[in-house]
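Reader: Hi! Could you walk me through this structure?
Author: Happy to, here it is.
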Amino acid sequence: MTTVNPHNKSIDELKEVAAQVRRDIVRMVHAVNSGHPGGSLGCTDYFVSLYFRVMNYSTDFDMNGKGEDLFFLSNGHISPVWYSTLARAGFFDIEELSTFRKLNSRLQGHPATEEGLEGIRVASGSLGQGLSVALGAAQTKKLNKDNSLVYVLMGDGEVEEGQVWEAAMYAAHHKIDNVIATIDRNGQQIDGSTNEVMGLGDLRAKFEAFGWHVLEADGNNFELLLPALEQAKKSTGNGKPVMILMNTEMGYGVDFMMGSHKWHGVAPNDEQLEIALQQLAVNVASDY
Amino acid sequence: MKEYTYSEKKDTRSGFGAGLHELGKNNPDVVALCADLTGSLKMDAFKKDFPERFFQVGIAEANMMGLAAGMTIGGKIPFTGTFANFSTGRVYDQIRQSIAYSGKNVKICASHAGLTLGEDGATHQILEDIGMMKMLPHMTVINPCDFNQTKAATIAIAEYEGPVYLRFGRPTVPNFTPADQKFEIGKAVMLNEGTDVTIIATGHLVWKAILAGHLLADKGISAEIINIHTIKPLDAEAVLKSVRKTKCVVSAEEHNRYGGLGDSIAQVLAKNFPAPQEYVATDDTFGESGTPDELMEKYGLSEHDVVAAAERVISRKKQ
């Protein structure tokens, strides 16, 4: 079975989609006065790159995803960017974004499978678990002689969880070389910068010491991010798990949200929303 | 009192190992993961004959639960193997989020449950696992009583779609259930029909309940004995039918009296048919080192404790 990316957009088109996704993010969290805009905005270009260019998949969602590239979000609190990307990519109706975090919604505060939202394969939010799940899915692909890839995103603060390192050791030992993990290095977590809260040290040296092939990428520049993702793809199949250390700016695209942990889990007020939307100018007719 | 005979004593964990090996032969989707306890879990035969479907995880139980959840995506049926303590409390949040809440078809197979782990002592003797696991939405909880029933349960849960906690143990116990007895999840097994008291037992306490039934018969007491291998979903119909007849019940389990089988039975009775109940269970305590028999006696889980509980509950009924 051959699956392709259903959009395969150019860089200019990706930029337009990313602006639209960022508008969705700030509007979603503003509407319910809760949610996590900072990390969502920082990772928007990564999500848009995967779903509109890099990954091969079908929007006709199937849990088993045989023959498709799979994506897992381990730091589930950045659900707004995932929900918007999934809707814009065609998994479900864009109008459904207006139900985010509301009662009886399929768009739970953190991603879940319980309500059957298309595109989600495991619940996440309690941190440190997604890499293990992705590795399991990758091993099933190998058993099934399925050559497609498994992607997983983690936060940088998230690697403070011990389970991440259990999984890192396992992946190298079992030569799981059909997984591309990414750590969002925005340097921020709830209580402050990662340097203040819990110094992560040299993540490249740590993962290399664990037996991973490590790449670095700029996560807020399509001209640099897309080649890095292509390089990561080329690095699979060589007996080593692949890790992208992706530098992003928390809150990217909205100047007053950028570079501070203060917008990790805070929604903009009415005035701040208007300023943000002006900065994310795009054809507003596409807003949900 | 119906007679139950057995040709040999066997450990329930070997029943799991035998069932898993049979699944390996008959179901290509079954995969097994183990956290450095392959011999203790009796997973060696599966590992030897199906190495491509056996995954050594090392001493990393949290990772094992996440891996198992992920392996279901693409259609595999993962069986995880480690001690009951490390299958539950150590990895509760991983099970909760990645398996139960995510509705993943993972079979959590837990050996060395309860006091009968023996000399290793309380760090390894979990008496709270049934409670923890039955609290999780979507989770099925099974505690079979002997080798044959554990083997049958292992095979049966592969056919069932959804997360399951399968609890078994280390010591050898009489292997008395028929080898060809069909295992029906959620269906109680009637062992002896009686009229004076209902004894509902699970796991290693089932044989103790049979021994108690004979001792009670010698005293002229007719005990109805039920083997509840599935604690969740509980066979409430079987419980109510029996207690409506006998008007009192003893629950018996190798588990804390808080949160185990006894509480599940009490909940059914409180709602539908309030009746006197006595618990044979550990009394909100940790275990300690000792032989399995010594521990079962010291912590009140012998056949004599079942007899005493039956006499107490009958006397409460007559008041």
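Author: We'll take the chain contact, then an annotated span, then some helix pairs. This is a predicted model, where local features need pLDDT of at least 70, side-chain atom pairs count only at pLDDT 80 or more, and totals for chains, interfaces and linings use all residues. Residues are numbered from 1 along each chain as its sequence is written, while chains are lettered from A and ligands numbered from 1 in the order in which they are written.

Reader: Great. How many residues of chain B are in contact with chain A?
Author: On the chain B side there are 22, and they meet 28 residues of chain A. Contact here has C-beta atoms, placed from the backbone, within 7 Å.

Reader: Switching topic: what does UniProt list for residues 10-175 of chain B?
Author: An unreviewed UniProt entry lists that span as "domain: Transketolase-like pyrimidine-binding"; such annotations may be inferred rather than shown by experiment. In the model, the span's end C-alpha atoms lie 6 Å apart, and residues 10-175 of chain B are 39% helix and 19% strand.

Reader: Now chain A. How do α5(A) and α6(A) cross?
Author: The axes (lines fitted to C-alpha atoms over the stretch in contact, with angles from 0 to 180 degrees between N-to-C directions) of α5 (130-143) and α6 (162-173) of chain A come within 8 Å and cross at roughly 25°. α5(A) and α6(A) are therefore roughly parallel (under 35 degrees).

Reader: Which residues make the contact?
Author: From α5(A), Leu131(A), Ser132(A) and Leu135(A); from α6(A), Gln163(A), Val164(A), Ala167(A), Tyr170(A) and Ala171(A). That contact has six nonpolar, two polar and no charged residues.

Reader: How about α3(A) and α9(A)?
Author: The axes of α3 (44-54) and α9 (222-235) of chain A come within 11 Å and cross at roughly 60°. By class, the contact of α3(A) with α9(A) has six nonpolar, one polar and two charged residues.

How values were computed: Two residues are in contact if their C-beta atoms, placed from the backbone, lie within 7 Å. Helices (H or I, at least four residues) and strands (E, at least two) are DSSP runs, numbered from the N terminus. Angles under 35 degrees count as roughly parallel, over 145 as roughly antiparallel, 65 to 115 as roughly perpendicular and the rest as oblique. Ala, Val, Leu, Ile, Met, Phe, Trp, Tyr, Cys and Pro count as nonpolar, Asp, Glu, Lys and Arg as charged, and the others, Gly among them, as polar.
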